Amino acid sequence: MQKTKHILATDLDGTLVGDPDGLQQLLEFYEEQVYDVSLIYITGRYFDSALSLIEEENLPVPDILVTDVGSSIYIGNSFDKDLEWQKRIKANWMPDEIHAIAATVPGLTKQPMFLENRCSYYVADEKPVEEFRNKLAASGIPHKLIFSGGKDVDIVPEESGKGRALQYLLDKYKVEDAKLLVAGDSGNDLEMLTLGFPSVIVGNAQPELLESDEHPRIFRAKKGFAGGIHEAWTHFHSE
């Protein structure tokens, strides 16, 4: 990653994945270029689920895989866990206390999976989210609340999240002058889309992104999924 000159940092579901034809065209486009594109997948999926999706969709193996809404990082073809990142985000992480507060919020349903660095819930509307947000704030527990897709609520360590994870990686590998594109489709992508790098909200994005504030470095694609990534790459990096 240190010497890379072109990087695609992208969400998976609803962004890179969702339109097989558009995905194939994007991958063929990259193959035709004289440069190589390093891939960073940044997904809300947990590790095993992300690997299954990569296999099912026959996706290129990424240089770096970021899972659990930015709370776990895996490096290289062997997917070695980034222990430095784990140590950084674990300070003041209190999942038991967070789950205890969640249990007092009607309409908040715990997702049926154990995740080390993430507390995840389902909701049917926004009302439980606001109550949960207020109770967490009153508790003083360090955290980051991410609401996306109108139904998913994730609580992750305060120092994590998709944007923090991406910035950590760029700093770690001293990526400076590379042509970077960040791509996403839902609310949990907003943090990385607003870092100030060339970014794209794909055309099929969730309402929370489509209705988000304009940003000078965010391209709003007309095409959905991988087609939107292709459209934005040409817009920012056509030379």
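**Cavity, pocket and helix packing in a predicted model**

Leu8, Leu16, Leu26, Leu27, Tyr30, Leu39, Tyr41 and Pro60 line the largest cavity, a cavity being a set of points on a 1 Å grid over the protein atoms alone where a 1.4 Å probe fits but cannot get out, with lining residues having an atom within 4 Å of a point. The model is predicted, so that local features need pLDDT of at least 70 and side-chain atom pairs count only at pLDDT 80 or more, whereas totals for chains, interfaces and linings use all residues. Residues are numbered from 1 along each chain as its sequence is written, and side-chain values use heavy atoms, with hydrogens and water left out.

The structure holds one cavity of 30 Å³ or more, and the space in the largest cavity amounts to about 30 Å³, a volume being the space filled by probe spheres set on the grid points, which are joined across faces, edges and corners. Two or more residues of this lining come from each of helix H1 (20–32) and strand S2 (38–42), where helices (H or I, at least four residues) and strands (E, at least two) are DSSP runs numbered from the N terminus. H1 gives the most to the lining, with three residues. By class, the lining of the largest cavity comprises eight nonpolar, no polar and no charged residues; Ala, Val, Leu, Ile, Met, Phe, Trp, Tyr, Cys and Pro count as nonpolar, Asp, Glu, Lys and Arg as charged, and the others, Gly among them, as polar.

The largest pocket, by contrast, has a volume of about 500 Å³, a pocket being an open set of points with protein on both sides within 12 Å along at least five of seven lines. Its lining consists of 23 residues, of which Asp13, Gly44, Lys151, Asp152 and Asn188 lie nearest the centre of the pocket, and it divides into four nonpolar, nine polar and 10 charged residues.

H1 also packs against helix H9 (residues 225–237) at an angle of about 35 degrees, with the axes 7 Å apart; axes are lines fitted to C-alpha atoms, for helices over the stretch in contact, and angles run from 0 to 180 degrees between N-to-C directions. Gly22, Leu23, Gln25, Leu26, Phe29 and Tyr30 of H1 make this contact with Ala226, Gly227, Ile229, His230, Trp233 and Thr234 of H9, contact meaning heavy atoms within 4.5 Å. Seven nonpolar, five polar and no charged residues take part in the contact of H1 with H9.
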